[in-house]
Amino acid sequence: MNFKNIKFTRTSVTALVSLSFGLLAACSDEGNPSTPEISEIENQNPAIGPGDPNIGNPGLDISSSSVAGISGPGILGPGAASSSSTGILTPESSSAGIVPPNGGNSVGTITPEDEEHVSNGNNPVITYSTAGASVASDNGCVTVNGGEVVITCAGEYDFSGSYKGADAQIRVYSPKADSGVYLNLRGLTLENTADAPIYVQMASKTFVVAKSETVNTLSDGSTRTKAHTYVNNSGVTKTDTTNAAIYSKDDMTFKGTGTLNVTGNYNNGIQSSNDLRFRGETTINVTAKNNGIKGKGLVDIEKGNITITATSGDGIKSDECTVNENDTTITEGKGIVSIKGGTINITKAGEDGIQAFNYVMISDSVSVPSIKVNSTGKGIVSENRVYINGGENTVTSGDDGVHSNLNIDFNGGFTTITAKKNDGVHADSTLRITNGTVYVKDSYEGLEAWYITISGGVTDVYGSDDGWNAAGGNDGSGNSTQTGGNNWGNRPGGFGGGMGGMGGMGSSSGHLTVTGGVHYVKTGSGDTDGIDSNGELTISGGVVVVECQISGGMGGSFDSDGTATLTTKTLLGFSKSKSEAGTSYNVSFNTNGYYGNANIAFKPTTSGSYVQATSQPSAVSNINSYAKSTTFPNGLIVYYNN
């Protein structure tokens, strides 16, 4: 269902949006992050607006290698202009059709210091007791003051025992010229009543290693009574307050096969002002007042069994960006969540489940990740782009299931979404499906974007309003105020003045193209549309079955405000009234048998009087005459020849 009296031309909307691509969601200053190096911010993405649906990247000429941050025919990759940035995906970590950012360096590429560190046998051993910490085999880089342990150089440090107090802290202050600091947890319980139990002020890289068959428990105080003053690697004096139970100003990697329990009573559970990497088969349980895991520059997960409860914030978050006066833009190679394996269960997120300012990338490059998200806000969200190239992903959300303020690409994996009150998948600009399975079990509108381009994969969608809806810009769905909650209507130079307050009305622009794949769409009753475009509608390939329970209003199984071209022979629409687009045949149908023609057959779950098809449909008595069949995730089967 759309408000069809609202008309904007593509030219006028594009001109408005192209005035600026400033993303207004604030770059978080949690933890007083260090200023990005110039090399991190010199290559910015160009302004991207709704653009032209006839090219792979709306608003951009991707055929030109001079466009910073874009690569690959027909697919908007997270960036290809520079090979110098961190946070990059390797070719083997991307699926077919997706060109990884920046030409192929890897997010979390295994460097020598990431490899399993072999001890030389001279590790300092720190043991906690009720009296505080004691050290054996001191290497001259350990200072102990009650429960406070300060480490001032690279090496391996073993920790065990139990201690509670306002001074219960392991603090790392190691020159960046050194190699990494390894914190080997061998059965450690550390409860700090006033601060963070692990605090990295400065280090080349810090590794937190939960050793095999050990359980380690860390928790912080619910308030902060300490401010830390230190000199950073640039010689600048800093004053800092820890913002998480495990809090680092520099890169941090989690390894080991043991268990790590983290409770963030004050704010976040685990946080780095730079990058967080998860490399071991570690069992990590995080409970946090705000965000569960936050790597400002990058969260990169390859392995592990991670469970997160984030009471009032996001489950996993990366929000580094660049502020230029009133514009908030991407910092290249930063603001990324990359999941390449492991098991992630976000049992509760008070806001969004997984959120990244730049992009979220889910792929099967290390193993097939298993991701479960249960969120009050959006499930998987980015201010910029979402790429789902793999994984077994289950999202239950109070707001949109998968959301991007720009583009979403499905190129693999099996994604199940329940977003009863909002959109299953919503992209402010372009939604592309080239492979994988997208199963929207429940939603208000199943798939919604300015441009919907589907060339493959399997989709199974239920929307209580429209099943698929190609409509412009901000859908007004949800009440999120965090990074992922901003839309085109809130951006400088966008169409916020005319559209920002209209909620779900959106613009009557839209383009929907289907050239391949196998798809099932079902709607609720009322003024509902199965597949709806506020602009042009083209279905020239693929297998498409629609059940539209329209009762009153206009639209039906197929609806378009612009030119509608439905030519694929494997297309059926079942409804109680004629469809506005396509050819409707007066055929009474019920739930007792199959209906179709020589090209396609389907057994509907509803009854009605009209079937939309590209040739005369009727009851089908022999489904064995069809060469192919596909079973949708809901258990329904479509038979077809193509």
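The model is predicted, with local features needing pLDDT of at least 70, side-chain atom pairs counting only at pLDDT 80 or more, and totals for chains, interfaces and linings using all residues. Residues are numbered from 1 along each chain as its sequence is written, and side-chain values use heavy atoms, with hydrogens and water left out.

A search of the whole structure finds 1 disulfide, which joins Cys-141 to Cys-153 with an S to S distance of 1.8 Å. The two cysteines belong to distant parts of the chain, 12 residues apart: Cys-141 is in the loop between β2 (132-136) and β3 (142-145), and Cys-153 is in the loop between β4 (148-151) and β5 (155-165). Strands here are DSSP runs (E, at least two residues), just as helices are DSSP runs (H or I, at least four residues), numbered from the N terminus. The torsion about the S-S bond of Cys-141 and Cys-153 is about 105°, so the disulfide is right-handed. Cys-141 is buried at a relative accessible area of 13%, and Cys-153 is buried at 15%; buried means under 20% relative accessible area, exposed over 50%, and partly exposed in between (1.4 Å probe, protein chains only). Cys-548 also counts as buried, at 3% relative accessibility.

Strand β9 (residues 206-210) comes next. In β9, 5 of the 5 residues are buried, so the strand is largely enclosed by the rest of the structure. Thr-206, Val-208 and Ala-210 cover one side, while Phe-207 and Val-209 lie on the other, and all of them are buried. Two strands pair if DSSP finds at least two bridges between them. Strand β7 (residues 181-192) runs parallel to β9 and is joined to it by 5 bridges, with Tyr-182 having Phe-207 as its bridge partner. Strand β14 (residues 252-255) also pairs with β9 in the parallel sense, over 4 bridges; here Val-209 is partnered by Lys-255.

Of its 19 residues, 16 are buried, so β34 is largely enclosed by the rest of the structure. Strand β32 (residues 402-404) is joined to β34 in parallel by 3 bridges, and Val-402 has Val-425 as its bridge partner. Val-425 is in turn the bridge partner of Leu-447 in β35, a strand (residues 447-454) that runs parallel to β34 and is joined to it by 7 bridges. Strand β33 (residues 407-419) pairs with β34 in the parallel sense over 11 bridges, and Thr-418 stands opposite Asp-442. Parallel pairing with strand β36 (residues 458-463) involves 4 bridges, and Thr-437 is partnered there by Val-458.

Where does Thr-568 lie? Thr-568 is found in the loop between β42 (564-566) and β43 (571-575), and it is buried, with a relative accessible area of 6%. Its side chain reaches the backbone oxygen of Gly-542 at 2.9 Å. Beyond its neighbours within four places in sequence, Thr-568 is in contact (heavy atoms within 4.5 Å) with Ile-539, Ser-540, Gly-541, Gly-542 and Thr-614.

Tyr-595 and Phe-602 return among the ring pairs, where they are linked with Tyr-520, Phe-574, Phe-589 and Phe-632 into a cluster. Rings of Phe, Tyr and Trp (its six-membered ring) pair if their centres lie within 6.5 Å; planes under 30 degrees apart count as stacked, over 60 as edge-to-face and the rest as tilted. The whole structure holds 13 aromatic pairs. In one of them, the rings of Tyr-173 and Tyr-230 have centres 6.2 Å apart and planes at 80°, so the pair is edge-to-face. Tyr-173 counts as partly exposed at 27% relative accessibility, whereas Tyr-230 is buried at 7%. Tyr-199 and Tyr-247 form a tilted pair, 5.9 Å centre to centre with 35° between the planes.

Definitions and conventions. A disulfide is a pair of cysteine sulfur atoms within 2.5 Å. A polar contact is a pair of N or O atoms within 3.5 Å; within protein, one must be able to donate a hydrogen and the other to accept it, and residues adjacent in sequence count only if both atoms are side-chain atoms.
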